[in-house]
Amino acid sequence: RHPRFADPQLSKRLRAVFAVPRLLINGAELVGSALSVLPVLFHLMWHQRLVTQMDRPLGEVSIVRAVG
């Protein structure tokens with residue numbers, strides 16, 4: 001993922017929201033607009049700071065949680 005998606009403020013908020021496992025879209029919407037939040041969320045997933053089950057297609061109803 002491109003470094004421009006490593007927004008420290010959004011990353012911190014996403015990690016806090018996903019400290020409790022929840023649906024991807026619900027957690028993203030708690031942080032802000034999907035247009036600005038989802039690229040950062042996927043950046044965190046790429047770096048395995050947020051995780052989900054990868055044996056199922058990734059989508060709005062994927063359960064995501066923070067690691068660490």
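Which residues does Thr52 touch, not counting residues up to four places away in sequence?

## Surroundings of Thr52

In this predicted model, Thr52 touches Met45, Leu58, Ser62, Ile63 and Val64, with residues up to four places away in sequence not counted. Thr52 is located in the loop between β2 (50–51) and β3.

Buried residues are those under 20% relative accessible area. Thr52 has a relative accessibility of 16% and therefore counts as buried. One of the residues touched by Thr52 is Ile63, whose backbone oxygen is reached by the Thr52 side chain at 2.6 Å.

## Packing of α1 against α3

Two packed helices are described by the angle between their axes and the distance between the axes. For helix α1 (residues 8–17) and helix α3 (residues 34–46), the angle is about 75 degrees and the axes are 10 Å apart. Because of this angle, α1 is roughly perpendicular to α3.

Helix α1 contributes Leu10, Ser11, Leu14 and Arg15 to the contact, while α3 contributes Ser36, Val37, Val40, Leu41 and Leu44. By residue class, the contact of α1 with α3 comprises six nonpolar, two polar and one charged.

## The two sides of α2

In helix α2 (residues 24–31), the buried residues are Leu24, Ile25, Gly27, Ala28 and Val31. Viewed down the axis of α2, these buried residues fall within an arc of 165 degrees, so they line one face of the helix. Glu29 and Leu30, on the other side of α2, are exposed.

The elements covering the buried residues of α2 include α1, β1 (22–23), α3 and β3 (63–66).

How values were computed. Residues numbered from 1 in each chain as written. Predicted model: local features only at pLDDT ≥ 70, side-chain atom pairs only at ≥ 80, totals over all residues. Heavy atoms only, no water. Axes fitted to C-alpha atoms, helices over the stretch in contact; angles between N-to-C directions. Helix = DSSP H or I, 4+ residues; strand = E, 2+ residues; numbered from the N terminus. Parallel < 35°, antiparallel > 145°, perpendicular 65-115°, else oblique. Contact = heavy atoms within 4.5 Å. Nonpolar A, V, L, I, M, F, W, Y, C, P; charged D, E, K, R; others polar. Buried < 20%, exposed > 50% of the residue type's maximum accessible area, 1.4 Å probe, protein only. Arc of directions from axis to C-beta. Polar contact = N/O pair within 3.5 Å; in protein donor to acceptor, adjacent residues only side chain to side chain.
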